[in-house]
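This report looks at a few strands and at one residue in a loop. The sequence and the model are shown below.

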Amino acid sequence: MKKLFLFLILIQFFSTFNFAGVPRPLPVQFDYDGDGRADLSVFRPSNGVWYILTSFYGSFTVVQFGMNGDKPVPADYEGNEKTNIAVFRPNEGVWYIRNNEGGFAAIPFGLADDIPVPADYDGDGRAEIAVFRPSNGMWYIYNLANNQVSYFRFGLEGDIPVPADYDGDRKTDIAVFRDGVWYQQRSRDGFTAVKFGLAGDKPVPSYYDSLDIKADLAVFRPSDRVWYALRSTGGFTAMQFGLSADKPIPTDYDGDGKTDFAVYRNGIWYIQRSNLGFISFEFGNETDIPTPNSFVR
């Protein structure tokens, strides 16, 4: 019995850490082909088409999925480390999720004024459908694996939802950004409030250092065009990158486990890759929604 118990503990350890004792990297967001690097991808509201260029020099994909007025909500809903094309249709309160192997699901969940916040809240490796309802400060989460719905009151009207895994247990934490203060209900470490940023900043929490799997606090400040990040292991950093009207599109474009500073401007992607340096790439048009900007508010 003791040997079995030790074996189970070791399995749990190595599922989170590699043999060097370093946390295993989290699946990359906005990675539609599953190669560990975010892809260039836009949703064009005017025709409901998704245009995807996988990992810069890969295949070009065009997918008709959605319509004008839909909100893109790409995430890994199947748990195969590939981002699914998906939209939330506010006037219907329905989520449309395209399966990677074909077909789609239509799931009623939410109201027109809800803010979609899909993420992996239970740590099972697949995103849950979720919304934040500003009118009552409630979070509603629908688990696709067991069809269970959970709900939590956390936040006020006017708050910006900023869910991410802040304590490194591989479960997304419920959190909001309010006038420069981050309020977090962490799944393992409990409640915390941290002052970082100003009113008017765009919160862009992500994984800006690769030494752990804790999401870092970060903001893009349009007024001075500076990114400010409070990294969980690397400490504070600031970098001027972009223009005031740019759309922040941070994610891991070079596959090194670190989120890259990046902006989208009139169809051009400007990316400061942490491992491979700066690159700019024309892909999309002025009215397109770059999918890494889907949850930046």
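Strand β5, which covers residues 86–89, pairs with β6 in the antiparallel sense, and four bridges link the two strands. The model is a predicted one. One of the bridges joins R89 to V94, the latter lying in β6. Four residues separate β5 and β6, and together the two strands form a hairpin. In the turn of this hairpin, G93 has a positive phi of about 65 degrees.

Strand β6 also pairs with β7 (residues 104–108), again in the antiparallel sense, here over five bridges. I97 has A105 in β7 as its bridge partner. β6 and β7 form a hairpin as well, with five residues between the strands, and G102 takes a positive phi near 115 degrees there.

| Hairpin | Residues between strands | Glycine and its phi |
|---|---|---|
| β5 and β6 | four residues | G93, about 65 degrees |
| β6 and β7 | five residues | G102, near 115 degrees |

Is strand β6 enclosed or open? Four of the five residues in β6 (residues 94–98) are buried, so the strand is largely enclosed by the rest of the structure.

Is N84 buried or exposed? Buried means under 20% relative accessible area, and N84 counts as buried because its relative accessibility is 0%. Leaving aside residues up to four places away in sequence, N84 touches Y32, P74, A75, D76, Y77, E78, I97, R98, N99 and N100. Among these contacts is I97, the residue whose bridge partner in β7 is A105.

Note on methods. Residues are numbered from 1 along each chain as its sequence is written. This is a predicted model: local features need pLDDT of at least 70, side-chain atom pairs count only at pLDDT 80 or more; totals for chains, interfaces and linings use all residues. Side-chain values use heavy atoms; hydrogens and water are left out. Buried means under 20% relative accessible area, exposed over 50%, partly exposed in between (1.4 Å probe, protein chains only). Two strands pair if DSSP finds at least two bridges between them. Contact means heavy atoms within 4.5 Å.
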